[in-house]
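Good morning, and thank you for coming. Please look at the structure on the screen while I describe a few of its parts.

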Amino acid sequence: MSSPAPKSPELSDKSRKYDRQIRLWGEHGQTVLENAQICLIHATALGTEILKGIVLPGIGGFTIVDHRPVTEEDVGCNFFLDLDSVGQPRAKRCMQLLQELNPDVNGDYVDEHVEQLIDGQPDFFRTFDVVVATSISERTIVRLSNVLWEQNIPLIVARSVGFYGVARLQLREHCIIETHPDNKQTDLRLEHPFEELKKHMAATEITNKVPWLVVLYKLLQEWVTAHDGRYPTTYREKSELRELIRSKMDGEQENFEEAIKAVNSSFGGGKPSAAVREILEDDRCVNVNTESNAFWIMARALKDFVDNEGKGLLPVPGVLPDMTADTNSYIGLQTVYRNQAAHDAEIVFRRSRQLLKELNKPNDLITDKDVRLFCREAANIAVVRGTKITDEFDKGYHRSSHIASVLETPNSLMGHYIVLRALDRFQADYGCLPGECEAESDTTGMKSIAAKMLSEWGIGTPLSDDLAYEICRYGGAEIHSISAYLGGCIAHELIKLVTRQYRPFDNTFIYDGSTSQTETYKL
């Protein structure tokens, strides 16, 4: 399908610039991205690669918080620094060079230690949509985690050392309307046809020009009549339906072939899944109040629709897949689905407006466009509730049994998580990173720290000697290619969080560049 003609030269330039990504998250997602503000703590090689990944797509603005000057070591691993930068404030220099990537993006910097901001200006972070911290101390991790948890601002803590990298996402609650599932089911209502669909199908005869949906619907009704009103559910029953369709073919008829292929994927739409039902039964949905956001108010309106007008079914999405058919037949069928979708969305919208009035909230908090999108995606909405990073520093950490079981799994990366946590503890205890002075002696210290951590969690599995030696061999140094890969991955997650599209990782991402292996753990 061709894109609509641009309304202005400015829109045309913007569409041309961001065309590929707009295909992923839409114009509305791009607008949200362009209004977002990100804070980066420490302009390390990893930190600047993360910002690169969001500056190029057009993030609204970013602020770098970093008190350190540029060193020769920084120049060796950070693509956004050069020898002329040595001695200058790292935050300022990286901000200047990152802005050159996209003049539409606003950049700022704060040449202060993040601990000073936490002590003197804790509200500094409230202006940001997400905060990203790289290579910060254990003490700062704990303090920042507590502050941002209370302010309900997502936090990503990341570190890249040698060939190893880790990213940990902290968020209280993240509501997603557009999850973009890999295998999205098309809701055609074949088992629960609405009245207008019945009328349209009754008035349409099967020919080789009609969409395959007409063929499937009519022959499905024939199959159901012969099976006491039951719809096919098993593989055997669906095979019978396919054979029935094949028996009605007269030579090569493409719409019949498409109907046969569609049998497996065309049933089951309309009913809320267990995950959606859990959202609709959530206390935040059932008992909306003045603190409720737009997502939960629309979810409550959706629940009321399902329980009443929908008779247990979600609103019709109104989206049809591509089909081989003549234009009039396809558009006629498409119009039936779209009209029903508009009808259902209007009911949900009126209920949303009623709830806004009862809660004394402004009407423009939820628009008709918002509700139509919510209804279209209702079958796949999601709510992600995370955990606090600070909890991982408790001696009685409740996920320790999970860590223990994964540690015993061959080739898992849980050992990398332990060694990177031990690195933070080593830095807190000795004031330097392991291997900065002496790799051999620091290896013993790392193993001792890791053993103590594991003992506090009641885990008897020791840390691998190889991991302890490897982390010390790096001396805390970053390898640019490793930081670039990890930074790109984290930039993707930032875009998911900001646009509220796609599911973010939950909640710890580990990367081993020496084996090109990644794993995600929920800690």
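Confidence is highest in strand β1, residues 37–41, at 98, and lowest in helix α1, residues 9–17, at a mean of 67. Over residues 1–9 the pLDDT is below 50, and this stretch has 2 contacts in the model beyond near neighbours in sequence. Where pLDDT is low, the predicted coordinates should not be read in detail.

Let us turn to the sheet. It is an open sheet of 8 strands with mixed pairing, in the order β3-β2-β1-β4-β5-β6-β9-β10. At its edges are β3 (106–110) and β10 (517–521), each of which pairs on one side only. From one strand to the next, the twist averages 15°.

Within the sheet, strands β4 (residues 130–134) and β5 (residues 155–161) run parallel and are joined by 4 bridges. Here Val 131 stands opposite Leu 155 in β5.

Two helices that pack on the sheet deserve mention. Helix α5, residues 90–99, touches β2 (61–65) and β3, and its direction makes about 175° with that of β3. Helix α20, residues 465–474, touches β5 and β6 (164–170), and its direction makes about 95° with that of β6.

Finally, I come to Met 201, in helix α8, residues 195–202. Is Met 201 buried or exposed? Its relative accessibility is 1%, so Met 201 counts as buried, the cut-off being under 20%. Leaving aside neighbours within four places in sequence, Met 201 is in contact with Leu 213, Val 214, Tyr 217, Lys 218 and Leu 333.

Technical notes:
Residues numbered from 1 in each chain as written. Predicted model: local features only at pLDDT ≥ 70, side-chain atom pairs only at ≥ 80, totals over all residues. Heavy atoms only, no water. Buried < 20%, exposed > 50% of the residue type's maximum accessible area, 1.4 Å probe, protein only. Contact = heavy atoms within 4.5 Å. pLDDT = per-residue confidence, 0-100. Pairing = 2+ DSSP bridges. Axes fitted to C-alpha atoms, helices over the stretch in contact; angles between N-to-C directions.
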